[in-house]
6 protein chains.
Amino acid sequence: MAGKATQAKPPTPPPRPAAHGDDTVITALALAPADLTPAIQAYFDKCMEKLGFVPNVLKAYAFDMQKLEAFIAMYNDLMLAPSGLTKLEREMIAVAVSAENRCYYCLTAHGAAVRGLSGDPVLGELMVMNYRAARLDRRQRAMLDFAVKLTTAPHAVEDADRQALRDGGFSDRDIWDIAAVAGFFNMSNRVAAATDMRPNTVYHGQGRG
Amino acid sequence: MAGKATQAKPPTPPPRPAAHGDDTVITALALAPADLTPAIQAYFDKCMEKLGFVPNVLKAYAFDMQKLEAFIAMYNDLMLAPSGLTKLEREMIAVAVSAENRCYYCLTAHGAAVRGLSGDPVLGELMVMNYRAARLDRRQRAMLDFAVKLTTAPHAVEDADRQALRDGGFSDRDIWDIAAVAGFFNMSNRVAAATDMRPNTVYHGQGRG
Amino acid sequence: MAGKATQAKPPTPPPRPAAHGDDTVITALALAPADLTPAIQAYFDKCMEKLGFVPNVLKAYAFDMQKLEAFIAMYNDLMLAPSGLTKLEREMIAVAVSAENRCYYCLTAHGAAVRGLSGDPVLGELMVMNYRAARLDRRQRAMLDFAVKLTTAPHAVEDADRQALRDGGFSDRDIWDIAAVAGFFNMSNRVAAATDMRPNTVYHGQGRG
Amino acid sequence: MAGKATQAKPPTPPPRPAAHGDDTVITALALAPADLTPAIQAYFDKCMEKLGFVPNVLKAYAFDMQKLEAFIAMYNDLMLAPSGLTKLEREMIAVAVSAENRCYYCLTAHGAAVRGLSGDPVLGELMVMNYRAARLDRRQRAMLDFAVKLTTAPHAVEDADRQALRDGGFSDRDIWDIAAVAGFFNMSNRVAAATDMRPNTVYHGQGRG
Amino acid sequence: MAGKATQAKPPTPPPRPAAHGDDTVITALALAPADLTPAIQAYFDKCMEKLGFVPNVLKAYAFDMQKLEAFIAMYNDLMLAPSGLTKLEREMIAVAVSAENRCYYCLTAHGAAVRGLSGDPVLGELMVMNYRAARLDRRQRAMLDFAVKLTTAPHAVEDADRQALRDGGFSDRDIWDIAAVAGFFNMSNRVAAATDMRPNTVYHGQGRG
Amino acid sequence: MAGKATQAKPPTPPPRPAAHGDDTVITALALAPADLTPAIQAYFDKCMEKLGFVPNVLKAYAFDMQKLEAFIAMYNDLMLAPSGLTKLEREMIAVAVSAENRCYYCLTAHGAAVRGLSGDPVLGELMVMNYRAARLDRRQRAMLDFAVKLTTAPHAVEDADRQALRDGGFSDRDIWDIAAVAGFFNMSNRVAAATDMRPNTVYHGQGRG
């Protein structure tokens, strides 16, 4: 498939995702979609049924089923599996990390998730703009301070940082989950930035009410 | 399992990976190992057979089989599946990214991989110390420049950066792979930093000859 | 008045703006409101009539009529007086600058203005999240690049930066206006940060349609 | 007037302030001076009488009387009106902030003011070079630490920073004034940088004795 | 001698260089002066004769004659020996580098040297405040750009940076000298910062003209 | 000699140190070697006898005997003369500082020294990769924290930083030595970066056992 993409490139300019509102071009890379496996087709159908759309990040990975499956497996484990962190807390980490990296895709999609899960539109804005301005309890503030330090200065994270989480009431398993979610969005932010990935337009209006 | 880890913590101080040379404590988190699934057991057996050891990162994830499986699936796809990038090139990205984040675990394990795959011990050192000092061809230099910019300033990556890769001979599929490998190590570097993950001592001596 | 504020402080803790949705405490400083002058009272009345509320920044300055008048005079000249820049462009600069400084107050109030003036809710989000991800014409991109460099590295602005604006179609008078608006928000962002100024809740929902 | 400036530009190269010692070209922008209003003329006359010169920043704004009046009103309120901060302290903030932004105009003009108001030439140098090397009492050190953090990391200013000022003896009204002066010079530094504004040569020799 | 210093410490607090104007305590370290060797005594005598004072940096090193001799030898070779760079240019590098590191000692002493050697008091101020605001010819601008990049981002200096110097008219030997002077002040700035070294008060008034 | 170097340049391209393994071209500057003085010849002979090679940094300086002698005098005093710091500790500082500046030459040569003096290959790697990941006692950690802060933020070093060293057991003389070694490598890192200096290949294999 890499070969095909390469052959297709010279005659046509590289794709440029159009202005927002046009969800047809999702990344700046010319990657022909692969045939969906039955499992992935079922997963996309479930997205349509539950969300009304397939998140563009999934379409972006859909040029290769193996990559898409690995992404979905890791994403769903991190964001949806049982954890000492609530789903809202995991989304708050996602947005606070994405704000450091200024990732348009993830701020849009996961900002909507914070608004939706919390029922608090302003909390989503605060995570995008400056989580330090939010009125958080000690636990959630410690959680985001750790996630953001891990994002901006990973080399400087030491025992005292882990202890601050334990003091905030987190178990060692929770610390893993905070790290894993923060790490995951440091990955996704960069895949999105590298490919100029564009979020589904629908996210912008979600959870505003 | 989160519950168990929490209960185990109060009576004993948090673990501290010992000085190098002692591979018994791998992270600073108290996470009891889960039972290996047959598939994972087989994978660990294969590691022992081919490498002579199980990489510590796998043991670190082994408190939860679902997380370990997701990690292995993504890792193996990125680093071992067919790609326009050679395995050595993918390892070079891994080390150049890890050098920006100053990740002891990844620099050690993947520095060894660069030495081994290239048969050039000095190339591994250069990736760790400063890739700009290496004598790279235009293609590999463009590849690492992109991976490092994506690491340090993801918000500033734009069309010109992707074009520089195309000018260096990369297809759009290759660009995805560069981004995905760079993104993955931005994740792994942070999981390692958050948990004080320690590399297997054996890596240090590999590929020195 | 400073004396009064000081006397009022010891018995009561410093004010803390409540969670969003409560617009009664606007900053973290205990500053008793002064009597409004007739001119300011008329201005506040006009705000109520046209906007339906008095912007909190005006209430924050209302402990001292001289300071409030100076602020309003400068603000209105910069943002509303005739200029080679449209009002929308001036608001775009306001938000792009405030995003660098991560100012919760200004991102909220002026993000709403970008949404309202443009009729494009997503454009407001893009200015908040990462203006580089927006699809801007050459003129507006040059304008924001200049405003952001002036924000993050003012010491490094030189002739070439001014020339880039001229090449983008701006007159020297326009360059002044870009600089003045960018400078003004570098001031306001800091007054807001220093005082923990909170935006009127109503802004969050404006221009979302 | 913007139109005039634009028309004047093509035939002649943009102005470049000459080497120091030549006070005839003040900024790099071609902006024709407007007619002075009587109030501004009187103000300039007072400058000549008291200082022996009109500060170049005023001449730079003199292409538009409304902008100049707004600037003067805010400047005089901040730097000269009654405050819990002495005039020297306000000038010390001006210079410490301008040192972070490396603003040639403001360091020159306000460095002279610190030397003049303090009667201590070295104090002016210390504010320019590194305020941390000065021997300041706790109050003034807290004041400058706040002003400088507000300059370099406004998003990270929180309750503890305000409390450090209260502990240093400042009232909430004083905190406002510190913030407002620091904010103002973050604005002025950028207007000066954007326009390559040059200070009156006379400043360099003032207060050296 | 280290032993003596250690024994002397407990009963008395560590020295703190007094406010400027008091040249008796030069650093914050309690290091008893060693007996001057005849060569060093002669050198100090020459300083008194030619300058009217012994520069404090020499007194700071005078706890150990071997260290002092090595410092003087390197300093005199770099700053005074024949070179393609003029003495003024070497002092300009000294100040531009020291401005990046914000070294109070070196900015004071070498700012005076720039003023003195150039006969241009403002040039000294410009080197301290922001060398980019000075009106330099292409050669000197290239020289300072290289010295400053070498100071702030040494890992990123590459062939293109050396070529810019060659294009500016510098020989390879000149490039060495630029690098060596820039390097030397990166050392001296740090010894001064580590010890809170205070410049002779007399420097402040020199060359003010 | 500067003249000669200049004349030699036009007809031939500037030297480019070859890939590692070729020790014939040591820097990117065309500087003809000077005749060795008898003292330097004896020193080089001693290097050959004790090390089996002459360190490339000495060959790089050998275009000028006066510069080479000054370098050797300062280097040997700092790294080999009696001090409260062990030779290993001085090499640890050298590597931790060089890691901040990402200096290929110094990381290679002094990384080898840490491995050799400590008999601990991993300690050398840790100093190169991230000294915070090493298991250091309080004294050595304080020493490296000071050296690294002095490298990255010299302007912010104050009394509290010196006190942390005293609390870690260091005398004032020791503090000088820490500062002087850290300062020296901030110089050498930059001379090496400016000239693209290449380490002797033999270093890479030293002390690996």
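Modeller: Start with two helices of chain C: α4(C) passes α10(C) in a left-handed crossing. Left-handed here means that the near helix is turned anticlockwise from the far one by less than a right angle; clockwise would be right-handed. A helix is a DSSP run of H or I, at least four residues long, numbered from the N terminus.

First, the ground rules. This is a predicted model, so local features need pLDDT of at least 70 and side-chain atom pairs count only at pLDDT 80 or more, while totals for chains, interfaces and linings use all residues. Residues are numbered from 1 along each chain as its sequence is written, chains are lettered from A and ligands numbered from 1 in the order written, and side-chain values use heavy atoms, leaving out hydrogens and water.

Back to the pair. Two packed helices are described by the angle between their axes and the distance between the axes. The axes of α4 (residues 65-80) and α10 (residues 172-195) of chain C come within 10 Å and cross at roughly 145°. Each axis is a line fitted to C-alpha atoms over the stretch in contact, and angles run from 0 to 180 degrees between N-to-C directions.

Which residues meet? From α4(C) come C:F71, C:M74, C:Y75, C:L78 and C:M79; from α10(C) come C:A180, C:V181, C:F184, C:F185 and C:S188. Contact means heavy atoms within 4.5 Å. By class, this contact has 9 nonpolar, 1 polar and no charged residues. Nonpolar covers Ala, Val, Leu, Ile, Met, Phe, Trp, Tyr, Cys and Pro; charged covers Asp, Glu, Lys and Arg; the others, Gly among them, are polar.

In all, 52 residues of chain D are in contact with 52 residues of chain C. The two bury about 4800 Å² between them, 65% of it on carbon and sulfur atoms. Buried area is the accessible area (1.4 Å probe) that two parts lose on being put together, summed over both. D:R173, D:W176 and D:R190 supply 18% of what chain D buries against chain C, more than any other three residues.

Chains D and C share 5 salt bridges. The rule asks for a side-chain nitrogen of Lys or Arg within 4 Å of a carboxyl oxygen of Asp or Glu. C:R173 forms one with D:D64, with the closest N and O atoms 3.8 Å apart. On the chain D side, the elements giving two or more residues are α1 (2-8), α3 (56-61), α4 (65-80), α8 (138-152), α9 (159-167) and α10 (172-195). The largest share, 16 residues, comes from α10(D). By class, that side has 28 nonpolar, 10 polar and 14 charged residues.

Chains B and A make another interface. Here 54 residues of chain B are in contact with 52 residues of chain A. About 4800 Å² is buried between them, 66% of it on carbon and sulfur atoms. B:R173, B:W176 and B:R190 supply 18% of the area that chain B buries there, more than any other three residues. The rule finds 5 salt bridges between these chains. In one, B:R173 and A:D64 meet at 3.8 Å, N to O.

Some chains stay apart. Chain C and chain F do not touch; their nearest C-alpha atoms are 18 Å apart. No contact joins chain A and chain E, with closest C-alpha atoms 18 Å apart.
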